[in-house]
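Here is a short briefing on ligand surroundings and aromatic packing. Please read it alongside the structure.

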Amino acid sequence: MEYRLTMTQLHPPLAMPDQAEKSLASCPKGGNNATDQVKVTAVTHWTDKLFSFQTDRPPSFRFQSGEFAMIGLADNDGKAITRAYSIASPHWDDHLEFYSIIVPDGPLTSRLRHIQIGDDIILRPKTTGTLNLARLRDGKRLYLLATGTGFAPFASLIRDPETYERFDEVILVHGCRTIAELGYSQKIVADSRAHPLIGEIVTAKLHYVPSVTRENFTQTGRITTLLADGKLASSLSLPPLDLDSDRIMICGSIGLNQDIAAQLLAKNFQEGNLSSPGDYVIERAFVGDGI
Ligand code: FAD
Ligand code: A2P
């Protein structure tokens, strides 16, 4: 992965608007709008169901790490098919990156899977999301818990220096069915650790715990089980989950999100929002039961 990073980009001089409270309902709808087009600059297929791609970034496009935007393609009649996508690149980068599932008959991804360098895709200018550092109370440790493409917003947050300014340790857990499905998160973590500007802080503070459920691997088991039986913390020589010091972000299927929230509520963790920062925040990685 190529980075063209300057310190000005790491610390953007522009004051960021409070984007997390904005509604995507105000996104322009309908057919293509030339100002909403970006060009694909790279595509990588990780498995037959997962790929990532980069686009150029309009100079006016601003977002906070962890947010999502609406992206899409025009159908045969020129009508826009758009879907919510987490922005996987950090806010300071000069390109945008996305990590995508392929749903065989999915209206968008059955087309999006064929994109190539030089193609145009639709990118709506508004961004929003709940996986926002401002929604969390201060703490010592930040747990980022993702399954499948739910890793995408965390690919952005683990490359944001503010994440490491807010927390002493960041524990990223990525749960998938198979080892091959970990390919993207393994590459992003490796590249982040080797990055000339953020590599040192990432190496010092980020713990990466990939886990699979349907193959043998160094770490196996569902995230819910690793949390509940204390294996996650003990494998990293960390104390058990603690309300005073630990904050959590969750991004997975509805089932995963609900099961983790239930565990946290039983420990008196409170969900955070912008007016009342809390102990955890949740975002759905997709709507529905998954494929
Ligand atoms: P759809 O008609 O949208 O979906 C068909 C079915 O496929 C869904 O009902 C569901 O069962 C399954 N499905 C959809 N997306 C996924 C997924 N990611 N993982 C597993 N099963 C899925 N998708 C991404 O690939 N990457 C992202 O970064 C991403 N971010 C999202 C952020 C938010 C806040 C939300 C709500 C959704 C996000 N999605 C993401 C899902 C995305 O919006 C689309 O649903 C997905 O691209 C499939 O589009 P489609 O039109 O092909 O199929
Ligand atoms: P499992 O293989 O035991 O179903 P998917 O590809 O279906 O989105 O699943 C991604 C990962 O999330 C898999 O490892 C899957 O485990 C796990 N998973 C699915 N549902 C839950 C849940 N409710 N709680 C914890 N992990 C889950």
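This is a predicted model. Ligand 1 sits in the largest pocket, and the space taken by ligand 2 is likewise described as the largest pocket. The protein covers 83% of the accessible area that ligand 1 has on its own. For ligand 2, the protein buries 81%. The structure also holds 7 aromatic pairs.

**Ligand 1: the shell**

- The shell around ligand 1 counts 22 residues.
- The closest of these are Ala 84, Tyr 85, Tyr 99, Thr 109 and Thr 149.
- By class, the shell of ligand 1 splits into 13 nonpolar, 6 polar and 3 charged residues.
- Two strands, S4 (80-86) and S5 (95-101), each supply at least two residues of this shell.
- Strand S4 gives the largest share, with 4 residues.

- Tyr 99 has a polar backbone atom 2.7 Å from a nitrogen atom of ligand 1.
- Ile 101 places a backbone N or O atom 2.8 Å from an oxygen atom of ligand 1.
- At Val 287, a backbone N or O atom lies 3.2 Å from an oxygen atom of ligand 1.
- On its own, ligand 1 has 870 Å² of accessible area, and the protein covers 83% of this.

**Ligand 2: the shell**

- The residues around ligand 2 include Thr 147, Gly 175, Cys 176, Arg 177, Thr 213 and Arg 214.
- Also among them are Arg 222, Thr 224, Gly 255, Leu 256 and Asp 259.
- The class count for the shell of ligand 2 is 2 nonpolar, 5 polar and 4 charged residues.
- Strand S8 (169-176) and helix H9 (254-266) each provide at least two residues of this shell.
- Helix H9 contributes the most, with 3 residues.

- Asp 259 has a polar side-chain atom 2.9 Å from a nitrogen atom of ligand 2.
- Cys 176 has a polar backbone atom 3.1 Å from an oxygen atom of ligand 2.
- Leu 256 has a polar backbone atom 3.3 Å from a nitrogen atom of ligand 2.
- Taken alone, ligand 2 exposes 560 Å², of which the protein buries 81%.

**Aromatic pairs**

- There are 7 aromatic pairs in the structure.
- One of them joins Trp 46 and Tyr 184, with ring centres 5.5 Å apart.
- The planes of Trp 46 and Tyr 184 stand at 65 degrees, so the pair is edge-to-face; the cut-off for that class is over 60 degrees.
- Trp 46 lies in the loop between strand S1 (37-45) and strand S2 (50-56).
- Tyr 184 belongs to helix H5 (residues 183-194).
- The pair therefore ties together parts that are 138 residues apart in sequence.

Conventions. Residues numbered from 1 in each chain as written. Chains lettered and ligands numbered in written order. Predicted model: local features only at pLDDT ≥ 70, side-chain atom pairs only at ≥ 80, totals over all residues. Heavy atoms only, no water. Near = heavy atom within 4 Å. Polar contact = N/O pair within 3.5 Å; in protein donor to acceptor, adjacent residues only side chain to side chain. Areas by Shrake-Rupley, 256 points an atom, 1.4 Å probe, with all protein chains shown as cover. 1 Å grid on protein atoms, 1.4 Å probe; cavity = no way out; pocket = protein on both sides within 12 Å on 5 of 7 lines; lining within 4 Å. Sits in = over half its atoms within 2 Å of the grid points. Nonpolar A, V, L, I, M, F, W, Y, C, P; charged D, E, K, R; others polar. Phe/Tyr/Trp six-rings, centres within 6.5 Å; stacked < 30°, edge-to-face > 60°.
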